[in-house]
Amino acid sequence: MRKNTACVHAGTIKCKDFPGVTSPIYTSSAWGFIDPEDKPYYPRYFNVPNHDAAAEKLCALENGEQGLVFGSGMAAITTTLLTFLEQGNHAIFQNGLYGGTIHHITTDLPKFGIDYSFVDARNTEAIEEAIRPETKILYIETPSNPLLTITDIEAVAAIAGKHKLLTLIDNTFATPINQNPMDLGMDMVLHSGTKFLGGHNDMSAGAVVSRKELIEKIHESALTLGGSLDANACYLLERSLKTLSLRVQRQNENAMKIAAFLSEHEKVDNVYYPGLETHPGHEIAKRQMKGFGGMLSFELKGDRRDVRNFLISLKLIGPAMSLGGVETIVCVPADTSHVYLSPEEREVLGIKDQLIRVSVGIEDADDLIADLEKAF
Ligand SMILES: *Cc1c(COP(=O)(O)O)cnc(C)c1O
């Protein structure tokens, strides 16, 4: 199946008794079981039918063999890291990952005697220099939050291959419609399903997709770490994915139009969008992405007061946390995702107080641009 078809049809549960075209929802947490050789079904075993339906659709979209669906993106990320890392190991992470991921790395991994390094993953020499004999994992996120930096996925996979490291990528910002990292050599693909996959700002989910043998290992840890998603939410995720391709295509188009509008605007300093030719990662993005995505950010000229005035002047676009939904929303990373960093740490990452991140929805671009223009 091609992508648009897979969005609609992959994984759908066919019920023999009641031939509905959509999957039935199997809410049972107690499943018939007598013989020890029978397969035990249980929600926390990540094996009830609605789990498998959502996972199968995601596999079709990410070109992976197998997948697991979790209760949140962080459940997918932490379960996967804790599956492959053990005492004495070292892991390399790209700079500027999702805040929750950084928090897990810096607070939880040391408790288990796991060491880590953060590197600028755009610099392949820096990655090679960080590799030690005990390095096990190389983890990237591209495009990244909130400056949409682009990491060359194939270059990272090549280094990892040479040193036999397991590679993970957080593909949340790109979505499987715009970027398929397993085709570019990554071992495991992680998603926050709360964002574009769910797509309607109304659910929490996460996922990991990979080859069969790696998912089987993650599954063993997932059973006891327990971050499963209940059948109703699995169904909601499956349903949401049916329109993923349509939504993301519109989000790509709208984001491109808004980025072009912002680039020309006198009240704007810098615009960060990989679709712009001026973006330092544009050429790599063109090579590894099928679309440039629905996320962008820009710096407003002025001070914090101007930023606040801008936010409260927006009528259609709402200031809100989270991203990836059909509604266009904005946030100020210095006050939200990166509030726990000191001003100096934000400075190092290039995140200014005037930086505004936009998660572009599926509305008419002209209405969004008119709203921005009025707020300016
Ligand atoms: C939101 C997000 C996560 C975490 O997902 P949750 O569903 O909130 O647990 C991880 N990575 C990225 C890039 C995100 O945007």
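The largest pocket has a volume of about 500 Å³. Of its 19 lining residues, Asn95, Gly96, Val348, Leu349 and Ile351 are the closest to the centre. A pocket here is an open set of points on a 1 Å grid over the protein atoms alone, where a 1.4 Å probe fits, with protein on both sides within 12 Å along at least five of seven lines; lining residues have an atom within 4 Å of a point. The volume is the space filled by probe spheres set on the points, which are joined across faces, edges and corners.

This is a predicted model: local features need pLDDT of at least 70, side-chain atom pairs count only at pLDDT 80 or more, and totals for chains, interfaces and linings use all residues. Residues are numbered from 1 along each chain as its sequence is written, and side-chain values use heavy atoms, without hydrogens and water.

Helix H14 (residues 343-349) supplies the largest share of the largest pocket's lining, three residues. Helices (H or I, at least four residues) and strands (E, at least two) are DSSP runs, numbered from the N terminus.

The second largest pocket has a volume of about 420 Å³. Helix H4 (residues 99-107) gives the most to its lining, four residues.

Now the sheet. Five strands form an open, mixed sheet in the order S8-S9-S12-S11-S10. Strands S8 (268-272) and S10 (318-319) are the edges, each pairing on one side only. Two strands pair if DSSP finds at least two bridges between them. Strands S11 (residues 329-331) and S12 (residues 355-359) run antiparallel, joined by three bridges. In S12, Ser359 is the bridge partner of Ile329.
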